[in-house]
Amino acid sequence: MAFDGMQDPGRNDECWCGSGKKYKKCHLDADGRMEALAAQGFEVLPRTLLKTEADIEGIRRSAEVNVGALDLVEANIGPGTSTEQIDRWVYDYCIDHGAVPADLDYEGFPKSVCTSINEVVCHGIPSPQDILQEGDIVNVDMSTVKDGYFSDSSRMFCIGEVSPERRRLVQVTKEAVEAGLAAIRPWGLLGDVSRAVNRVAVDAGYSVVREFGGHGIGLEFHEDPWVGFHDRVGDGPVLVPGLCFTIEPMVNMGKARINMKDPNGWTVRTADGKPSAQWEVQVVITDDGYELLSW
Ligand code: MF3
Ligand code: CO
């Protein structure tokens, strides 16, 4: 029995990944490396989480729709846009492109996208009452399922003239995600990515929300691993090629503490009422780095 409880195929048998290749020409070497790292005490996730070429192709097609939906928002958002309007844009875009918004009905979520304005940290619910005003910062978090494959990314938008203070929060949060991407090493550790993200935010004087993080994704909306960005993340699992996950820190201008008491059961706010920002990207680890799937 291998490190993850799976039975390895014989050298000349078909690889477990469904590539149709012989095991020795496919995952044999990588599996040996995983086995050795597990024996050394590193956290090595089960191979069932690794995406095959066919999976990655499916996720790419899903991610194209996700990116396209956010591009549409980017082209049209501005002062006077209601978050309800954003919801309609992305819903229609998904349906027109053979996909479905993954948020819709997810654990009872009533809309197709999360729209989180200013002190809302995440999971803001689109509403005709929420009209974006000059000076607002808003996160639009979009997830798509297409042919059974999931994609997920989010962007910040500055509405009209935004104060330098808020603009900096938005910019630094983006740089934190970029630092996370730059820290990705195939066969490296996820904790190094998390720490790189955290450092940028904290060095700028901000704090990072502890309760929420990134996640594995692909065949499900939320898979292992959980990807924390707070200041005490451990080493985390090994970044094996084929692992697909999001990087999505929520960065607060003030304190990290959040308030989850909104009666709607979803909307999360900063406890101190100061603004929060988030950017989210989705990547898959490759043999020589990573592929950016959605942003
Ligand atoms: N898109 C979010 C994420 O990044 C999840 C939103 S779940 C919802 O993981 F139900 F609030 F839509
Ligand atoms: Co996500």
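Asn118 is placed in the loop between strand 2 and strand 3 (120–122). In this predicted model, the phi angle of Asn118 is near 50°, a positive value in a residue other than glycine. Asn118 counts as buried, because its relative accessibility is 10% and the cut-off for a buried residue is under 20%.

A positive phi value is also found at Asp105, where the angle is near 70°, again in a residue other than glycine. Asp105 belongs to the loop between strand 1 and strand 2. With a relative accessibility of 61%, Asp105 counts as exposed. A further backbone feature concerns the peptide bond from Asp224 to Pro225, which is cis, with omega near 0°. Pro225 itself is part of strand 8.

## Aromatic pairs and the cluster

A pair of aromatic rings is described by two quantities, the distance of the centres and the angle of the planes. The structure contains three aromatic pairs. One of them joins Tyr106 and Phe221 in an edge-to-face arrangement, at 4.8 Å centre to centre and with 65° between the planes. Tyr106 lies in the loop between strand 1 (100–101) and strand 2 (114–117), whereas Phe221 lies in the loop between strand 7 (214–216) and strand 8 (223–227); the pair therefore ties together parts that are 115 residues apart in sequence. Tyr106 counts as partly exposed, at 26% relative accessibility, while Phe221, at 7%, counts as buried.

Phe221 also pairs with Phe150: the ring centres are 6.0 Å apart and the planes stand at 10°, so this pair is stacked. Because Phe150 is in strand 5 (residues 149–158) and Phe221 is in the loop between strand 7 and strand 8, the contact ties together parts that are 71 residues apart in sequence. Phe150 has a relative accessibility of 15% and therefore counts as buried. Tyr106, Phe150 and Phe221 form one aromatic cluster.

Which residues of helix 4 are buried? They are Leu169, Val170, Val172, Thr173, Ala176, Val177, Gly180 and Leu181.

An interaction between a charge and a ring involves Lys174 and Trp279. Lys174 lies over the face of Trp279, at 4.9 Å from the ring centre.

Tyr91, Ile95 and Val100 make a nonpolar surface patch of about 240 Å². Of these residues, Tyr91 is located in helix 3 (residues 83–96). Tyr91 counts as partly exposed because its relative accessibility is 32%, a value between the limits of 20% for buried and 50% for exposed residues.

Gln7 is located in the segment before helix 1 (28–39). The relative accessible area of Gln7 is 58%, so this residue is exposed. How far apart are Gln7 and Ile137 in sequence and in space? The two residues are separated by 130 residues in sequence and by 50 Å in space, C-alpha to C-alpha.

How values were computed:
Residues are numbered from 1 along each chain as its sequence is written. Chains are lettered from A and ligands numbered from 1 in the order in which they are written. This is a predicted model: local features need pLDDT of at least 70, side-chain atom pairs count only at pLDDT 80 or more; totals for chains, interfaces and linings use all residues. Side-chain values use heavy atoms; hydrogens and water are left out. Buried means under 20% relative accessible area, exposed over 50%, partly exposed in between (1.4 Å probe, protein chains only). Helices (H or I, at least four residues) and strands (E, at least two) are DSSP runs, numbered from the N terminus. Patches are made of residues with over 30% relative accessible area and no salt bridge: like charges are joined within 9 Å, nonpolar side chains (Val, Leu, Ile, Met, Phe, Trp, Tyr) within 5 Å. Accessible areas come from the Shrake-Rupley method with a 1.4 Å probe; for residues, only the protein chains shown count as cover. A salt bridge is a side-chain nitrogen of Lys or Arg within 4 Å of a carboxyl oxygen of Asp or Glu. Rings of Phe, Tyr and Trp (its six-membered ring) pair if their centres lie within 6.5 Å; planes under 30 degrees apart count as stacked, over 60 as edge-to-face and the rest as tilted. A charge sits over a ring if NZ of Lys or CZ of Arg is within 6 Å of the ring centre and within 35 degrees of the ring normal.
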